[in-house]
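Welcome! Please take a moment with the sequence and the model below, and then we can walk through some of the features together.

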Amino acid sequence: MAEQVLIQFRADKQLKQEVTEIYESLGMDLPTAFRMFMKRSVMERGLPFEVKLPEDAVTRMDGLQAFREIREILSETPEMSLDQINAEIKTIREEGRANEK
């Protein structure tokens, strides 16, 4: 048997619990599942699953630009009083009730 080493790392408690339950339902414990992951990584000579960014990924700069655009739009929106806001909400609710009938 090959010499064994201890591997330690930190993980989110909830994530660990969810993963533990999945592997237990498959009849294995967490260390066995991790050993399987490592063995498969050696066989694949990389991660044993595809890793790529989704095509619709938003970059930090895209998000910042969208924020600035929304901020600009909102800066041109006139201020409303609380009474005006409540009146608008009331109107929309009344229209919704009328459409339900």
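How much space lies in the largest pocket? The answer is about 770 Å³.

## Before we go on

This is a predicted model, in which local features need pLDDT of at least 70, side-chain atom pairs count only at pLDDT 80 or more, and totals for chains, interfaces and linings use all residues. Residues are numbered from 1 along each chain as its sequence is written, and side-chain values use heavy atoms, with hydrogens and water left out.

## The largest pocket

The lining of the largest pocket consists of 21 residues, and those closest to the pocket centre are Ile7, Phe9, Leu30, Pro31 and Phe34. Here a pocket is an open set of points on a 1 Å grid over the protein atoms alone, where a 1.4 Å probe fits and protein lies on both sides within 12 Å along at least five of seven lines; lining residues have an atom within 4 Å of a point. Points are joined across faces, edges and corners, and the volume is the space filled by probe spheres set on them.

Two helices, H1 (13-25) and H2 (30-44), each supply at least two lining residues. Helices are DSSP runs (H or I, at least four residues), numbered from the N terminus. H2 gives the most to this lining, with seven residues. By type, the lining holds 14 nonpolar residues, one polar and six charged. In this count, Ala, Val, Leu, Ile, Met, Phe, Trp, Tyr, Cys and Pro are nonpolar, Asp, Glu, Lys and Arg are charged, and the others, Gly among them, are polar.

Val5, Ile7, Phe9, Phe34, Phe37, Met38, Leu47, Phe49 and Val51 make a nonpolar surface patch of about 910 Å². Such a patch takes residues with over 30% relative accessible area and no salt bridge, joining nonpolar side chains (Val, Leu, Ile, Met, Phe, Trp, Tyr) within 5 Å. The areas come from the Shrake-Rupley method with a 1.4 Å probe, and for residues only the protein chains shown count as cover.

Val51 sits in the loop between H2 and helix H3 (60-75). Val51 counts as exposed because its relative accessibility is 56%; exposed means over 50%, buried under 20%, and partly exposed in between (1.4 Å probe, protein chains only).

Most residues other than glycine have a negative phi. Arg45 is not a glycine, yet it has a positive phi of about 60°. This residue is also in the loop between H2 and H3, and Arg45 is exposed, at 79% relative accessibility.

## Two salt bridges

The structure holds two salt bridges, each a side-chain nitrogen of Lys or Arg within 4 Å of a carboxyl oxygen of Asp or Glu. One joins Glu44 and Arg40, at 2.9 Å from N to O. Both residues belong to helix H2 and are four residues apart, about one turn of the helix. Glu44 is partly exposed at 41%, and Arg40 is partly exposed at 41%.

Glu50 and Lys52 form a salt bridge too, with their closest N and O atoms 3.6 Å apart. Glu50 is exposed at 63%, and Lys52 is exposed at 62%.

Notes. Patches are made of residues with over 30% relative accessible area and no salt bridge: like charges are joined within 9 Å, nonpolar side chains (Val, Leu, Ile, Met, Phe, Trp, Tyr) within 5 Å.
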